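Me: I have just opened this structure and would like to learn how to read it. Could we start with where the chains touch?

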Amino acid sequence: MSLIVNGKEVAYKKQETVAGLLNRLQFTFPLIIVKINGTLIKKKQYETTIVPDNARIDVVHMISGG
Amino acid sequence: MNQEKLAQITTILSKKTVGIAGVGGLGSNVAVALARSKIGRLIIVDHDIVDESNLNRQYFFQDDIGKVKVEALSDIIHRVNPSVSITAVHTRLMPGCMHEPFHGADVIIEALDEALSKKQFIEDVLEHLPGVPLIGASGVAGYGQSDRIVTRELGNLYLCYDEHAPSSDDDVLLAPKVALMANWQADLALTLLIGDIR
């Protein structure tokens, strides 16, 4: 009953949304890319997508500059 | 130098196409590095013209000021390597169809400036061209502490990443860090394009 977020083990919570997980882990950057088990989750899906148990989650944030 | 290996690499790269979204600090440096590596074809897309303020980090020259960036860069690339086939697109990429100029690319480089544009471009490419490796960069502002840069691999998305870097909105963009990240992207592109050879 756990998740792997950016390579680190995090406790799994039943029926938690992506938005809930991001809030719990204090990912406060506004422009992020989220993938769950390799699938891109768009921002409009954060409130409706439930994070499955044993999921591998990658979160990266985009910083201006180029 | 191992000339036999170099010849093998050149043969492989001469048949490959790389798409580059944005030819500012990242994109112009990526393009020149790939041209020197004898890439076959480049698709370069940008809406901007060369400004004097660009010269502190972008691969342009004094006499390029005022020129359309993709046209000025095409000339520079051909001075390095006249064999590169270039598709130069002078347009602003619009969210929802930012991937469109890049059909046919073997690898795509995200070389945009603003964080929002980077996110939109990555989402468009992952959705519409999921089979094409995409190499982005995040955290190119400032100077020093380059040991923090890592490659994050998220499936087909590769990100040259310094998660602790400042935003260019609050900090400076300078040639060494920008060129470092650009060449990191170009090196990753070569790794993906060449694959395993002996």
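Reply: Two residues are in contact if their C-beta atoms, placed from the backbone, lie within 7 Å. Here, 14 residues of chain A are in contact with 31 residues of chain B. On the side of chain A that touches chain B, β3 (32–36) and β5 (56–61) of chain A each supply at least two residues, and β5(A) gives the largest share, three residues. This is a predicted model, where local features need pLDDT of at least 70 and side-chain atom pairs count only at pLDDT 80 or more, while totals for chains, interfaces and linings use all residues. Residues are numbered from 1 along each chain as its sequence is written, and chains are lettered from A in the order in which they are written.

Me: In what order do the strands of the open sheet in chain B lie?

Reply: Strands pair if DSSP finds at least two bridges between them. The seven strands run β3-β2-β1-β4-β5-β7-β6 in chain B, with mixed pairing. β3 (85–90) and β6 (150–154) of chain B are at the edges with a single partner strand each, so one side of each has no neighbour in the sheet.

Me: In which sense do β5 and β7 of chain B pair?

Reply: β5 (residues 134–138) and β7 (residues 157–161) of chain B pair in the parallel sense, over five bridges. Ser138(B) has Tyr161(B), in β7(B), as its bridge partner.

Definitions and conventions:
Helices (H or I, at least four residues) and strands (E, at least two) are DSSP runs, numbered from the N terminus.
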